[in-house]
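Trainee: I'd like to learn how to read the place where two chains meet. Can we go through one together?

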Amino acid sequence: MNSELAYITGSVVIAEHQVLKNGELLWEQDRNADLNAFLRAAYDQFSGHYPKFHKMDALSKLGWLAAEVLLKDIDNSAFQPEETGLLLSNRSSSLDTDVKYFETVKEFASPALFVYTLPNIVMGEISIRHGFKGENTFFVSERFDAELMSAYATQLLATTPLKRCLCGWVEVMDQQYETAMFLVSNEPTAQPLTAGNLNAIYQIK
Amino acid sequence: MQVFVVADNIVSPLGSTTRENFDQVLLGNSGIAKHENTTFADAPFYGSIMAPGQLENYTETYKLAGYTRFEKMVIASVAAVLKDTGCSLSDPRTGFIVSTTKGNIELLEQHTTGALPLQEMQLFHTAKKIGAYFKAANEPIVISSACISGLVAILTGSRLIASGKYDKVVVTGADAFTRFVLSGFQSFQAVSAQPCQPFDANRSGVTLGEGAATVILSNRPVGAKFLLGNGGISNDANHISGPSRTGQELAAVMKLAIEGSGLTPANIGFVSAHGTATLYNDEMEAKALHHAGLAETPVNSLKGYYGHTLGAAGLIEAIVSMQAASEGVILPTKGFETLGVTMPVRVSNELQHHKVNHFLKTVSGFGGCNAAMVFTRL
């Protein structure tokens, strides 16, 4: 295993219509609101100036929002574009949008929906927004695999040009959703990048 | 740590072993044919699709009642490499990676009434079912990174061995031909009305295909013919459905792969490009080859033989390229006649006999992703 340690420099959890950053509740909405209404309200709250957001599917909106909150007030200029990567995962891949896209095939197949029938598109959206050109890989697993995520991110930081990595879980299926996104790097913090620490944050919601 | 490729298999319209596939490619034969099949499209179309009964023929000795087409393809391919090597997925030191873009999405098309079979369409669910078939000790790792998934899966397997997590990793990738994907590419006006023509002046889009392919990676060279070199992944950060305008991001990982393997562009015998035959992809790749110092290196695309097999593409094309390098040949680009990219590149258009020690495999996909990896002949 890699001897070099990596650290968690920030985290965002969005679930049950609450947005938590570094463990603290930033904002919440009525839990009865439908997912799209919640995502729209969260966009108004945390951004409001990125029209492309409205073209995205729910998975991309959720991941994009988590990255927006996570990276707010962080100086990106200290890093080259290829030094930030993405390592995301979820349970349902793009199945939520797959079902919606295939509904359109019966009449007139929608290219605007088809492009979102891949789970890695959320990484493309985040990369475009923040100018990240580093590694990106999308894993699909039944549950959040904190073991793989912590070990693989640590390995990438030690063996590739990456100096920072956004990693975590971003899941949408119908009205069920949750995301836990972490910014990790080699810069020491009080929280080493371990499976235990990732799971502790993932479960705070 | 060094990571070796110790076995490989391709299940496709061109055959159920690497040898059968490679012999067909050497003969210049393609899996692409014109189809009039309303399961997939209302109008005739070109695609590389297994003939009726072909997959059943490949899998008749296995007990596969209750498995989907996708699952049968994967099982046929994985079973072949396990049989060739005597490896077992039940060994706790052996990992299992499954690369796919759409898995069992065919179930969405076959569904008529009642609740959708959502569980069966979950990628982790189908991967676990396949893992259970082989009594896998480890939970499968599923990678779904669009059209670069297959090569990313090899790179990930290589790293998991290098980290000490596994001694061996079985890396498999597959996608079935579906109405779902064909309709999507058609909605983008991205499907060629003829068999695809990579890098050609008259190219007009992709031809889709289906298949499965598998490699076994190992930390021991026993039985190996190839060593994995360095690899890398990048994002264009430009557009979710169109490639980079400059090719700089693909070029960056080409350089990372070559330099990280201790090589220079002059050491690369050929490049197995993505070469989907869309106007923009091939143009971007030609620019990337220039930026990476590979403008004079022979480059081919194998899409004219297999169509675009999505999550299997990186694996199928890496395996065919390993076979070509083993036999000292550089394969022609089927469908290519006249160079149609603005930056001149050396597109291979006839079978050349040439000693190849190293080749570079590249892929690019939706979401702006690119990957490149060096393969070294032992």
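Trainee: How many salt bridges does the rule find across the interface of chain A and chain B?

Mentor: Keep in mind that this is a predicted model. To spot a salt bridge, look for a side-chain nitrogen of Lys or Arg within 4 Å of a carboxyl oxygen of Asp or Glu. Here the rule gives 4 of them between chain A and chain B. One to look up joins the side chains of Glu142(A) and Lys128(B), with 2.5 Å from N to O.

Trainee: And how many residue pairs are in polar contact between the two chains?

Mentor: The count there is 20 residue pairs, both partners at pLDDT 80 or more.

Trainee: What area is buried between chain A and chain B?

Mentor: About 4000 Å², and carbon and sulfur atoms give 65% of that. For the head count, 46 residues of chain A are in contact with 50 of chain B.

Trainee: In which sense do β5(A) and strand β5 of chain B pair?

Mentor: Antiparallel, over 2 bridges, with the chain B strand covering residues 141-143. Find Val140(A), and you'll see Val142(B) of β5(B) standing opposite.

Technical notes
Residues are numbered from 1 along each chain as its sequence is written. Chains are lettered from A and ligands numbered from 1 in the order in which they are written. This is a predicted model: local features need pLDDT of at least 70, side-chain atom pairs count only at pLDDT 80 or more; totals for chains, interfaces and linings use all residues. Side-chain values use heavy atoms; hydrogens and water are left out. Contact means heavy atoms within 4.5 Å. Buried area is the accessible area (1.4 Å probe) that two parts lose on being put together, summed over both. A polar contact is a pair of N or O atoms within 3.5 Å; within protein, one must be able to donate a hydrogen and the other to accept it, and residues adjacent in sequence count only if both atoms are side-chain atoms. Two strands pair if DSSP finds at least two bridges between them. Helices (H or I, at least four residues) and strands (E, at least two) are DSSP runs, numbered from the N terminus.
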